[in-house]
Amino acid sequence: MQSVFSNYRPHTVYHAAAYKHVPLVESNPVEGLRNNVMGTFTVAEVARKSGVSHMVLVSTDKAVRPTNVMGASKRISEMILQAMAAEHHESGTCYSMVRFGNVLGSSGSVVPLFRRQIKDGGPVTVTHKEITRYFMTIPEAAQLVIQAGAMAVGGDVFLLDMGEPVKIIDLAKRMIELSGLTLKDQDSPDGDIEIAVTGLRPGEKLYEELLIADNPIPTEHPRIFKAHEYYYPMEKLTLFLDDLSCMLSDGNVEKLKPMIKSIVNGYQFNGQVNGLHIADKESPVNVL
């Protein structure tokens, strides 16, 4: 990273690199934490040493009271930037983060998945009848992230107004209709495409949140808000990162989740500490 920054001398860094898929990171917590947490710390340190003017972390609503390793890793990443902003406020590097939900059509989005499943004749798979998510288009997300970063003064946690949450099952039904097909269910047994409810995946929430504390602060932009979020001073965070680095090197999966819980307020996990989760292929699937 030092070589890259030395060669290209960036003025602004948007740090979006992360393993972001919840089940993937839940099954591979060592690599998820190494990439998402230690990677963020490395980029933040090199940015400061290289005289970068602004570093913006692209975060996620899953960082709020996380139920999965991916969300917890992004919350720790946020705290790293908050602590560095407080510790090195005279360094010339302005650290900030932007937290938002899902981006329609991005890698891993349900839209390309549903489109592919409809093309294959179904079923369209939804993990729960009541699951909801916030959505934003790629141009909206990109523009608002840039605008929020430009407002930063250091240590800011920005929240994007994602509008109202969308029921994933309603999105699936709408996409089936827009494809010129009909839903196949108990009321319409002669329909074209079924929707299968497969069950929540490890670490998956029914509903996502954008705030830890319910205190959004308006900014000059109507769709960008700020939040006051807790963090630990750099001295304590450095000790945590040193211990985490040792555990990652040792592959000590058993202690990772309890260790995360010790520093991420609100982090909940089911006690499962296996490094690899394999879905039960025989688990029941409800077809609507």
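Visitor: Which residues are buried in helix α7 (residues 168-178)?

Guide: This is a predicted model, where local features need pLDDT of at least 70, side-chain atom pairs count only at pLDDT 80 or more, and totals for chains, interfaces and linings use all residues. Residues are numbered from 1 along each chain as its sequence is written, and side-chain values use heavy atoms, without hydrogens and water. Buried means under 20% relative accessible area, exposed means over 50%, and partly exposed lies in between (1.4 Å probe, protein chains only). By that rule the buried residues of α7 are Ile168, Ile169, Leu171, Ala172, Met175 and Ile176.

Visitor: Within what arc do the buried residues of α7 fall, seen down its axis?

Guide: An α-helix has 3.6 residues a turn, so residues three or four places apart point the same way. The arc is that of the directions from the helix axis to the C-beta atoms. The buried residues of α7 line one face of the helix, because they fall within an arc of 155°.

Visitor: Which elements do the buried residues of α7 pack against?

Guide: Packing is judged by contact, meaning heavy atoms within 4.5 Å. The partners of the buried residues of α7 are α5 (110-119), β5 (124-126), β6 (132-133), β7 (135-136), β9 (166-167) and β10 (195-197).

Visitor: Which residues does Val110 touch, not counting residues up to four places away in sequence?

Guide: Val110 is in helix α5. At 23% relative accessibility, Val110 counts as partly exposed. Leaving out residues up to four places away in sequence, Val110 touches Phe135 and Leu171.

Visitor: How many helices and strands are there in the protein chain?

Guide: Helices (H or I, at least four residues) and strands (E, at least two) are DSSP runs, numbered from the N terminus. In the protein chain there are 9 helices and 13 strands.

Visitor: What is the radius of gyration of the protein chain?

Guide: The radius of gyration is taken over C-alpha atoms, and the globule rule is 2.2 Å times the number of residues to the power 0.38. For 288 residues that rule gives 19 Å, and the value for the protein chain is close to this, so the chain is as compact as a globular protein of that length. The radius of gyration is 20 Å.

Visitor: Within what arc do the buried residues of helix α9 fall?

Guide: In α9 (residues 253-263), the buried residues are Val253, Leu256, Lys257, Met259, Ile260 and Ile263. Seen down the axis of α9, they line one face of the helix, because they fall within an arc of 165°.

Visitor: Which helices do the buried residues of α9 pack against?

Guide: Lys257 is among the buried residues of α9. The buried residues of α9 pack against α2 (22-27), α3 (29-49), α4 (69-87) and α8 (234-250).

Visitor: What is the omega of the peptide bond that joins Gly122 and Pro123?

Guide: Most residues other than glycine have a negative phi, and most peptide bonds are trans. Pro123 is found in the loop between α5 and β5. The bond from Gly122 to Pro123 is cis, with an omega of about 0°.

Visitor: What is the phi of Arg9?

Guide: Arg9 lies in the loop between α1 (2-8) and β1 (12-15). Arg9 is exposed, with a relative accessible area of 52%. Phi of Arg9 is positive in a residue other than glycine, near 45°.

Visitor: What is the phi of Arg65?

Guide: Arg65 lies in the loop between β2 (54-58) and α4. At 31% relative accessibility, Arg65 is partly exposed. Arg65 is not a glycine, yet its phi is positive, at about 40°.
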